[in-house]
Amino acid sequence: MEKCIWCNKKTDNLMTFTETMKNILTGTTQETFNCCSDECIDKTRAFCHYANRNLSKFLIGFAISVALVPVALFVTAFMEQMNSPYPVGFAISVIGGLLMLFLFILYPFATPQTVMLIGIKKSIIAVRVMIFIIFAVILFSVINEM
Ligand SMILES: [Zn+2]
């Protein structure tokens, strides 16, 4: 039995529709989705349009926040060498962490595998819960290091 891509409900009466997906990694593709109701189709279409408009911003922001990790480590080591009392490396880590937190809350894009497994609706919640946990763990370990 097929599942609704939005709510993950299993039903025999699925409606199929196609959406044009734009992705800077894979280019423009035609994706076929199955939904259980008009409401789920509307929500899936809205999410696809939102993803098309924002995926590039999300990926660029993500790349910046990941790049801040070695920068923070380098600055921390450098400041220690200089016996500087200013926690600049820590500040960069916090900025990188906050950037990632806001990115995933604003753009809750899960992997296609996750979407296939639990549907878009639950994957949005899963991404937001996951980023909060990751952020809390990172913040806790950084504070512990001080
Ligand atoms: Zn549905």
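What percentage of the 146 residues in the protein chain do buried residues make up? Buried residues make up 17% of them, where a residue is called buried if 20 or more other C-beta atoms lie within 10 Å of its own, exposed if 12 or fewer do, and partly exposed in between, with C-beta atoms placed from the backbone. The model is predicted, so that local features need pLDDT of at least 70 and side-chain atom pairs count only at pLDDT 80 or more, while totals for chains, interfaces and linings use all residues. Residues are numbered from 1 along each chain as its sequence is written.

**View 1. The whole protein chain and the order of its elements.** The secondary structure comes to 3 helices and 2 strands, and from the N terminus on these elements run β-β-α-α-α. Helices (H or I, at least four residues) and strands (E, at least two) are DSSP runs, numbered from the N terminus. The C-alpha atoms fill a box of roughly 65 × 30 × 20 Å, taken along the principal axes. The radius of gyration of the protein chain is 20 Å, whereas a compact globule of 146 residues would have one near 15 Å; the radius is taken over C-alpha atoms, and the globule rule is 2.2 Å times the number of residues to the power 0.38. Among contacts between residues at least 6 apart in sequence, 59% join residues at least 24 apart, a contact being a pair of residues whose C-beta atoms, placed from the backbone, lie within 7 Å.

**View 2. The hairpin of β1 and β2.** The two strands form a hairpin with 3 residues between them, and they run antiparallel, joined by 9 bridges. Strands are said to pair if DSSP finds at least two bridges between them.

View 3. Helix α1 covers residues 38-81, and its 44 residues reach 62 Å from the first C-alpha to the last, close to the 64 Å expected at 1.5 Å a residue; the expected span is 1.5 Å times one less than the number of residues. At N54, α1 bends by about 50°, the bend at a residue being the angle between axes fitted to the seven residues ending there and the seven starting there. The residues C40, I41, T44, F47, A72 and V75 of α1 are buried, and what covers the buried residues of this helix includes β1 (15-23), β2 (27-35), α2 (88-106) and α3 (112-145).

**View 4. The kink in helix α3.** A kink of about 115° in α3 is centred on G119. G119 is also one of the buried residues of this helix, along with V115, I120 and S123, and the cover over the buried residues of α3 includes α1.

**View 5. The largest nonpolar core.** This core has 13 residues, and those with the most contacts inside it are C4, I5, W6, C35, C36, C40 and I120. The elements β2, α1 and α3 each supply at least two residues of this core, and α1 gives the most to it, with 3 residues. A nonpolar core is a set of buried Ala, Val, Leu, Ile, Met, Phe, Trp, Tyr and Cys residues joined through C-beta atoms within 7 Å.

**View 6. The surroundings of C36 and T11.** Leaving aside its neighbours within four places in sequence, C36 is in contact with C4, C7, K9, T11 and L14. T11 is found in the segment before β1, and, again leaving aside neighbours within four places in sequence, T11 is in contact with C4 and C36. Although T11 and C35 are 24 residues apart in sequence, they are 9.3 Å apart in space, C-alpha to C-alpha. T11 counts as partly exposed because it has 14 C-beta neighbours inside 10 Å.

View 7. Most residues other than glycine have a negative phi. N8, which is not a glycine, has a positive phi of about 75°, and its place is in the segment before β1. N8 is partly exposed because 18 other C-beta atoms lie within 10 Å. N83, which is not a glycine, has a positive phi of about 55° and lies in the loop between α1 and α2, just after α1. N83 is exposed, because 6 other C-beta atoms lie within 10 Å.

Note on methods. Contact = placed C-beta atoms within 7 Å.
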